[in-house]
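Here is a short report on one helix and on some charged pairs. Look at the structure first, then read on.

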Amino acid sequence: MAFELNIDGLVGPTHNYAGLSFGNVASTGNARVTANPKLAALQGLAKMKALADLGYAQAVFAPHERPAIGALRELGFAGSDAQVLARAAKDAPELLSACSSASSMWTANAATVSPSADTADGRVHFTPANLNNKFHRSIEHPTTRRLLQAMFPDENRFAIHAALPAQMHFGDEGAANHTRFAAAYDRPGVAFFVYGGSAFDASRPAPKRFPARHTLEACQAVARRHGLRDDAVVYAQQDPDVIDAGVFHNDVISVGNLNVLFHHQQSFVDQPRVLAELADKLAVLGGEFVPVEVPSAQVSVGDAVRSYLFNSQLLALADGGMRLVVPEECHKTPAVWAYLQSLLASGGPVRELSVFDLRESMQNGGGPACLRLRVALNDAELAAVNSAILINDTLYARLVGWVEKHYRDRLGERDFADPQLLAETRGALDELTQILCLGSVYPFQLA
């Protein structure tokens, strides 16, 4: 058998709304709103538990250490940890805010993953994303790699690469711009890489308002290092106009699973050619590509961004259909909710709908798809995963208790300078590494 393991990011104790992500409309629109880290973490855990109860393989990805004292020290702040925080708060509060972000919760950006059925050496390959476009995210990949190594420790089955060079030409935003199409999770598939622009080819179209975060060159580099075959890879460029409308990652305008692509009419440059290439390459591998295109006349790009309709999870059902997991905002957006009712009645592959309240994450610009990293595994590979990260009744109860014990229910920018917050966070994470059997993965544990 084969599985798709969904690994959801556990919202960290410093979850806040600092508006750091230019190009992400929800993030910048809610800047400086008081956050509730405890509620955010519990909302995310409730989704993990609900999907595990439905029979899906579900795991948890630990948050990062924040505030990132090491990053502040690299930027010239010296003294004790408390002095570093105080000096940063006084001299460069915007840097302290960036170094306190809990953005690692969005594990769709943690890495790009290629399953063993697709790779040259028959191992599952991970490349942590360098997230070079945003400073607060660019500091994540060293810890992400250590976490992945602790979660997937068998080097005979899993290859955990270093991030691509931290340079704009190889801007890599991870699995938020990547999906895979196959007849089954353990069958060879087609890797679908989506990029915002090309670093070396100025003739390609480009957005004018917001940055194209992910480059074609990064996609090609990941495909090479994972050992993917050229005839089983498709590259597509995001429509630059939708990037300028707030579609900062492809997973805000499309989502795929197995042989189904659920996407908006305005997702890609030269969209008919992209869909035809996906269909042709999947057919060679024995699969039938099924695109479900949402017309602009029914759901505008603006409504798609407001509701995060496409930042949803598309999960396989036992009868061969699909379940669509969407945020509550879809229910609150009339055009989107009307479309979803027609979709369920259409007789197409999407047959069930699950709605979750993820308001704390949504206000910061991340929905159900942002919160999870997908890893296709066979039986032997799943058995080699660190089993302590797999969600079940016992782990869920322990994590809820851990959040209730350690998290604050109000957090604003002025709290980042509080040395007690740093102490609370480190104490919580030290306990979490024991719950999840991760070993020493955080800077304060490695010092």
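R426 is buried, with a relative accessible area of 19%. Buried means under 20% relative accessible area, exposed over 50%, and partly exposed in between (1.4 Å probe, protein chains only). The partner of R426 in a salt bridge is D81, with the closest N and O atoms 2.8 Å apart. A salt bridge here is a side-chain nitrogen of Lys or Arg within 4 Å of a carboxyl oxygen of Asp or Glu. D81 is partly exposed, at 26%. D81 sits in helix α4 (residues 81-91) and R426 in helix α17, so the pair ties together parts that are 345 residues apart in sequence. Helices (H or I, at least four residues) and strands (E, at least two) are DSSP runs, numbered from the N terminus. The pair also belongs to a network of salt bridges that links E65, R73, D81 and R426.

This is a predicted model: local features need pLDDT of at least 70, side-chain atom pairs count only at pLDDT 80 or more, and totals for chains, interfaces and linings use all residues. Residues are numbered from 1 along each chain as its sequence is written, and side-chain values use heavy atoms, leaving out hydrogens and water.

The whole structure holds 24 salt bridges. Three of them are set out here.

| Salt bridge | N to O distance |
|---|---|
| D81 and R426 | 2.8 Å |
| R273 and D270 | 3.2 Å |
| R306 and D303 | 2.8 Å |

R273 is partly exposed, at 38% relative accessibility. D270 is also partly exposed, at 45%. An α-helix has 3.6 residues a turn, so residues three or four places apart point the same way. R306 is exposed, at 56%, while D303 is buried, at 15%.

Now to helix α16. N392 caps the N-terminal end: a side-chain oxygen lies 3.2 Å from the backbone nitrogen of T394.

Which residues of α16 are buried? They are L395, L399, V400, W402, V403 and H406. Seen down the axis, the buried residues of α16 fall within an arc of 160°, so they line one face of the helix. The arc is taken from the directions from the helix axis to the C-beta atoms. These buried residues pack against α2 (37-53), β2 (58-61) and α17 (419-435), with contact meaning heavy atoms within 4.5 Å. The face turned away carries the exposed residues D393, T394 and K405.

Methods: A polar contact is a pair of N or O atoms within 3.5 Å; within protein, one must be able to donate a hydrogen and the other to accept it, and residues adjacent in sequence count only if both atoms are side-chain atoms.
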